[in-house]
Amino acid sequence: MTSPCRIERLSVRVLDIPTIRPHRLAFGAISAQSPVIVAVRLAGGALGHGEAATIGGPSWNEESPESIHHAVAAHLAPALLGEDGSRFEAVLARMDRACRGNAFAKSAVEMALVDAVARQFGLPAWQLLGGKRHASLPLAWTLASGDAGRDRDEAEQRLAQRQHRLFKLKIGAREPAQDVAHVAAIARGLAGRATLTVDVNQAWDTGTARRHLPALVDAGVSLIEQPVARWNVPGLKILAAELGPRASVMADETVCTPQDALLLAREQAAQVFSLKVAKHGGLLRTRAVAAVAEAADIGWYGGTMLETSLGSAASAHVFSTLGSQHHGCELFGPQLLVEDIVREPLSIQDFALQLPDGPGFGVELDPARLDRFDRARAGLHPV
Ligand code: MUC
Ligand code: MG
């Protein structure tokens, strides 16, 4: 008998959605996001969707919207058609045989399958991922306009709206002393009212980080994300020890696989991991990295690659199943986009993202908006 979860169709498209303002990171500024959307149809009739977004083309890591699209269309879809989409681990193994690496591409496919299978059985996705432990998570906003006045206004507005009191500042593009002055000015204005994180996105060497991070901690920053290069575990270790109890070092680009997580745990080179479904290669593999963190007394943070509400909801489902040693999440991607692709946005109340319930990831896509932002339909960059 044919399984209702047999994969009948799998398609992929790239969208281009402008951001509400330029978003500046150490490696450049973006003014649009290009999420890659996967759709899966199962034999039983259910339709599921997955997303992989990255930031600045191939600037954040090796994958780009175009490479993700190609890996799915040319390699992953042909390997999976006709397979039982509910055998998630077998599907992941099959994708690994068809294609090395390409974690973002695999995550979009696995996400679509989890959504489809959950819908096939009328369940919220979190029930397939271990069960929900959190109903909401504190939600961060990133201040990255590049303009101190605008950053301050954004922070005040979001505090007043009771949306965010956790702010992340993107630094590393300017001279370190300028960055320190910028963060200190914002921190002074928010003292006692907000929690502050900085993300250096690998821009500093160990010496620069040792010289400048203490001033940021003095200014009130309590979480320091990826201050040095992805490979620089010795540098992270030095910083984690030196900043010690006053602030935590959070690994982002350095922690993708469970093996990365083990290395960081063994070296005591980070107190927190930023978890991201895309870089871990899917929802189940996010749980595998989180399991290493929990076993090593390392906290977690629900990271984003600035996904739409689809990828953000999927991330929220897996984060809802994780342990209590967390620092909130930053699933604010939809708010940075001029328009979303779902009918109902995710709900934010009292500074926290309310984790969506099912079926699937609990969000309904709007086909008209998908078509409007579709890169191939726009005819600009056929993929
Ligand atoms: C990153 O490296 O964390 C997440 C939020 C944001 O503003 O940029 C990203 C990427
Ligand atoms: Mg980061």
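**Exercise 1. Describe how helix 1 and helix 3 pack.**

Solution. In this predicted model, the axes of helix 1 (residues 65-80) and helix 3 (residues 103-120) come within 8 Å and cross at roughly 65°. Axes are lines fitted to C-alpha atoms, for helices over the stretch in contact, and angles run from 0 to 180 degrees between N-to-C directions. Helices (H or I, at least four residues) and strands (E, at least two) are DSSP runs, numbered from the N terminus.

Next comes the hand: helix 1 and helix 3 make a right-handed crossing. A crossing is right-handed if the near helix is turned clockwise from the far one by less than a right angle, and left-handed if anticlockwise.

Last come the residues. Helix 1 brings Ile-68, Ala-71, Val-72 and Leu-76, which meet Phe-104, Ala-105, Lys-106, Ala-108 and Val-109 of helix 3. Two residues are in contact if their C-beta atoms, placed from the backbone, lie within 7 Å. By class, this contact has eight nonpolar, no polar and one charged residues. Ala, Val, Leu, Ile, Met, Phe, Trp, Tyr, Cys and Pro count as nonpolar, Asp, Glu, Lys and Arg as charged, and the others, Gly among them, as polar.

On conventions, residues are numbered from 1 along each chain as its sequence is written, while chains are lettered from A and ligands numbered from 1 in the order in which they are written. As the model is predicted, local features need pLDDT of at least 70 and side-chain atom pairs count only at pLDDT 80 or more, whereas totals for chains, interfaces and linings use all residues.

**Exercise 2. State which residues surround ligand 1 and how they divide by class.**

Solution. Ligand 1 is surrounded by Ile-55, Thr-142, Ala-144, Lys-170, Asp-199, Asn-201, Asp-252, Gly-303, Thr-304, Leu-306 and Glu-330. Here a residue is near a molecule if its C-beta atom, placed from the backbone, lies within 6 Å of it. Sorted by class, the shell of ligand 1 has three nonpolar, four polar and four charged residues.

**Exercise 3. Is Gln-202 buried or exposed?**

Solution. Start with its place: Gln-202 is in the loop between strand 9 (195-199) and helix 6 (206-219). Its phi is near 75°, a positive value in a residue other than glycine. Then count neighbours: Gln-202 is buried because it has 21 C-beta neighbours inside 10 Å. A residue is buried if 20 or more other C-beta atoms, placed from the backbone, lie within 10 Å of its own, exposed if 12 or fewer, and partly exposed in between.
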